[in-house]
Amino acid sequence: MAATLIQTANVKGTAKATPRDSRVNILGLSKAEIKAELSKIGVEPKKLRMRASQIFQWMYHHGVTEFAQMTNIAKPMQAKFAQAFSLARPDIVERQVSVDGTRKYLIRMGPGIEVESVFIPDVSKTGALCVSSQVGCTLTCKFCHTGTQRLVRNLTAQEILLQIIVARDDLDEWPTQQENRKLTNIVFMGMGEPLYNTDNVCDSIDIMSDETGLSIGRRRVTVSTSGVVPDIVPMGERTNAMLAISLHAANDDLRTQIMPINKKYPLAALMQACRNYPSLSNARRITFEYVMLKGINDTPKHARELITLLQGIPAKVNLIPFNPWPGSDYECSDWETIERFGQIVNKSGLAAPIRTPRGRDILAACGQLKSESEKKRASTLRREQS
Ligand code: SAH
Ligand code: SF4
């Protein structure tokens, strides 16, 4: 059932766009959207709910690729569905596997719309898929590769789901298991700022967490934001997902210097939104990401500022060694500096593990993602599509 994968780097950019298919691709849609599509092709109103639930389960629990595999649907009905709808997977333009087992996919959602997602297996029997929410990013955090790629567009909820389907195909993980899964967690830490695409991100979480389908529990989903303050609490209320904040500096001057969004939403406002995050508790802490930049944010004074800032918030800190990328201005702090920083924070009672960089050899680590997609004129896109 695995999708056809193109493994080598030299095919990059040469994969053909899927031939024009006038059918509606329903893979990645919600039950309500499937119902609406079924209604358009004349499925009886009183059967809509049942049919939508059947299809939903076949797509997300069993991972089928053909309507003919939906054995509780009569053959003539299967044929009718196959004529109107497809269950197409997007093209995988490139697939790379790191020496440490990390897998990176470059996925083409449409002409000029390419995104990366990264599967990170962990020793503790968990595996996280890092998904993208946008093609490019409007923010320009100085240490981040994605920040050098202009925003092409937001991804739809369907396109976010398709990243999970692609990974589950590749990991050969159908049907959905309750135990011993490889892919257990979803983190919105790929390309883009999820809270500049909040509706689609929240919709996608509703679909992926449905127990009759992919069944990825809401507490196993983490939304990481650079600090889009007005959307933090509403996102939590709607999704019940875990929150991660890309903090990286604990005083406004330095944070504004490396993360321009801090000018619009300074630390006081950000911390207030964190305190108000729904169901915040010691069991449900906020993760604060802190990238270690040599000579910039890595002194004992910075560590103490961080402790003061996080006082009273159920928090854990992830210290991320800076991952370099072509043209980056920063260097990663020395190992001893990172350890000393971690010790100071740990001593205050805050957990501050140092994250081992994963997939650096294939540029799959945090902040290294970027696709070649550029914002093109609508006329160019139309030409490419035809
Ligand atoms: N836009 C969101 C999610 C994507 S970034 C956000 O900013 O939170 C995923 C994480 O990688 C963020 O914590 C980000 O700050 C961090 N990151 C960015 N560039 C990095 C780099 N070069 N090295 C290490 N971490 C980086
Ligand atoms: Fe965008 Fe996040 Fe990178 Fe900042 S760190 S540029 S918000 S993807």
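Predicted model: local features only at pLDDT ≥ 70, side-chain atom pairs only at ≥ 80, totals over all residues.
Let me begin with ligand 1, which is surrounded by 21 residues, the closest being F143, G192, S224, S246 and H248, where a residue counts as near a molecule if one of its heavy atoms lies within 4 Å of it. Residues are numbered from 1 along each chain as its sequence is written, chains are lettered from A and ligands numbered from 1 in the order in which they are written, and side-chain values use heavy atoms, with hydrogens and water left out.

Turning to polar contacts, that is, pairs of N or O atoms within 3.5 Å, a backbone N or O atom of F143 lies 2.8 Å from a nitrogen atom of ligand 1, and a polar backbone atom of G192 is 2.9 Å from a nitrogen atom of this ligand. For N323, too, a backbone N or O atom lies 2.9 Å from a nitrogen atom of ligand 1. Of the 540 Å² of accessible area that ligand 1 has on its own, the protein covers 96%, as computed by the Shrake-Rupley method with a 1.4 Å probe.

What are the residues around ligand 2? They are C137, L139, C141, C144, G147, G192, E193 and S226, and they divide into four nonpolar, three polar and one charged, with Cys and Leu counted as nonpolar, Glu as charged, and Gly among the polar.

Methods
Polar contact = N/O pair within 3.5 Å; in protein donor to acceptor, adjacent residues only side chain to side chain.
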